Amino acid sequence: MADQKVLVLGIDGMDPKLCRRLVDEGRLPNIEKMLKMGAARKDLVMLGGVPTITPPMWTTLATGAYPNTHGVTCYWNSHPTELDRLVYTFDTSKITAEQVWETAVKAGKKALVWTWPCCWPARIDSPNLHIVGGLAPLGPNHTSAIVDDDYLTYASTECKTIAPREHLEAKGGAGCILTDDMKEPEAAGGYFESFNEMGAGNAGADKEGKGVQTSIAPKTWLLFEHEEGEEMNESDKCLQTYNSPIVEPKNWAHEVPAGAREFHVIVAHGTVQYPGLMLQNENGEYDCVEIYQNKRAAEPLVTIHDGEYHPLVETELLFGDRKIKTTRHFTIIKLDPKGEYVTISIGNALDIETERKESNWLPQSLYQQTVDIAGYVPYAIGVGGGYPEMISRRSLPSWNCFEKWQAKALLGLIEENQYDAVFTHIHNHDHIGHPCWRWAKTREKYGNNDEKVYQGFLEEIFEQTDDYVGQFLPLIDKGWNIIVTSDHGLLCSEEDDLPYLGEGFVMNVGVMRDLGYTVLKKDENGKVLREIDWEKTTAVAPRGNHIYINLKGRNPHGIVDPADKYELERKIIDDLYSYRMNGKRIVNIALRNKDAALLGLSGDRCGDIIYFLEEGFNRLHGDALSTTDGYFGTTVSPIFFAAGPGIKEGCETDRVIREVDVAPTVSALLNIPIPAQCEGAPVYQILKEGTYKI
């Protein structure tokens, strides 16, 4: 068996069915070329594990083990006793199985792990292990180096003052809305010192960039409306938004062009206001914006023409008692040619000056090496904005920029550091899918939205990925095997109305309350409060796919006698199957914990009952079985294809390839032992003779 090199291109949310169709239509030439050079199933489908959500499935890909073995059982794990608390899982201390790069390094190989979810911190000490931390499902430095949030400024001639804005998507213009409770922003001060204390924690990391246990207060954690859960990230409600007046320019240190109009871009929770100018072209139409650090500056921070995206604008922000340098994106979302309104998107600020910039890099020198190869890390947008301009002018351009940067960085590091194995992750499909998932089907409740627009966005991210994959194909001629895979796909739901169950980021109240198991408190007037009445609640559904019995002796407020647990579970499962929306059953499968071992979801890190929603009632992916299909030919299934010197050429296999098979297949190609707790097997049907010995 010859030792070979392996590159895993992990592409979060990449859907095999959409990919197969676009390949057949000739729209993905690089992926088509790789398929001809290598091997896959005809449909490109890999049989995924469950739950179909980021941390557990990337951990399955890395360990070859199911969640009940590797210990990561949802986006969050539940607290071992307190049912209203969640534990952050992007942390290797939560993993109870060996990861394949650990096996490789122990076998003498040199490995790079690049933002793979749940890869940080390193669990073995070796100069041959390089890691760029995966503390959140985005790119390098997208956790610990963030020192300011995402913002939108809605400037309009109708606005009278700079003020926080109601979170309302404005589809027909600036739509300036002011309310009585809006206040003037505070004077600039030491804001970032306090932000530094809390900001990284919200991302699941402490100030040193290490994973921390994160809990959420129950009062802010109950799902009453879908936008109180993960769906919030798909609108602009998760962004800091401000209104700003458009006025005649005044008090500028330099001469202002004729016809220019002044406004301010607001960041740092209102403590920093960058002055901006709207400029006219030769036809008298406003098509350009200049944004300055202050009115005394001779040159703008950035000049943006309508339709441009600027990913790495260098700015200064107050951090404690001094200013630090950062980079962030600036782009125009909407610009009125008459100069009546403009909407500006300003991205998260990444620290490029202090030690935070390299806190998630092992060794830390890897950060500067990467910057020397590819430049500063651009921020790939992770949340915010479901209407077309936000996706077309903000999200898609950010990922296009990031994909090119990441490919350049990885190729440079591979050449300079002579790795034997490289494990990479990119979150582009998942992010673009989230703001598109509801609107990729025309729905009356959304004003009969144009589904073709959102379907086009989903296809465009595949075309970006095709270019990304194409950057790595020359490595095959240099002896590298390339595996392209994903943790899950994403689907567009068939049903317009979805149940309040299966949401992975909240306490699911709706269905469990309807069935009488979760009870909410009431005030003296009988008004329902946003607080669980634990003295009357027998079962709850925190996070996705898990239902817990409020058990005496295990849970602090337990009321269910352990002797009654089995019968209560039977009744809950009966009621879940009987529950109807629009006359249809909403639950596909529900099992006791011991029976859910069949799905790889059992043990003390899983609920007393495991369930998945019926096809058609799924939000996007996490509440679905991995075989679930959706509207517009979408699916939750993950993808797998491979090519290289150890892979058969032009091979279409009938083998059912499972997520647990990826790690042992990598091991076979590297000629190293299989990870210790692995439950899969090498896909030997696609390996050339001599690569794998039976």
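**Figure 1. Secondary structure and overall dimensions of the predicted model.** The protein contains 13 helices and 33 strands, taken as DSSP runs (helices H or I, at least four residues; strands E, at least two) numbered from the N terminus. Its radius of gyration is 26 Å, close to the 26 Å that the globule rule gives for 694 residues, so the protein is as compact as a globular protein of that length. The radius is taken over C-alpha atoms, and the rule is 2.2 Å times the number of residues to the power 0.38. Along the principal axes, the C-alpha atoms fill a box of roughly 75 × 70 × 50 Å. Residues are numbered from 1 along each chain as its sequence is written. In this predicted model, local features need pLDDT of at least 70 and side-chain atom pairs count only at pLDDT 80 or more, whereas totals for chains, interfaces and linings use all residues; side-chain values use heavy atoms, without hydrogens and water.

**Figure 2. The aromatic pair of Tyr 151 and Tyr 242.** The two rings are tilted, at 6.4 Å centre to centre and 35° between the planes (pairs have centres within 6.5 Å; planes under 30 degrees apart are stacked, over 60 edge-to-face, the rest tilted). Tyr 151 belongs to strand β8 (residues 151-156) and Tyr 242 to strand β11 (residues 240-245), so the pair ties together parts that are 91 residues apart in sequence. Tyr 151 is buried at 0% relative accessible area, and Tyr 242 is buried at 6% (buried means under 20%, exposed over 50%, partly exposed in between; 1.4 Å probe, protein chains only).

**Figure 3. An aromatic cluster.** Ring pairs join Trp 114, Trp 361, Tyr 367, Trp 399, Phe 402 and Trp 405. The whole structure holds 21 aromatic pairs.

Conventions: Phe/Tyr/Trp six-rings, centres within 6.5 Å; stacked < 30°, edge-to-face > 60°.
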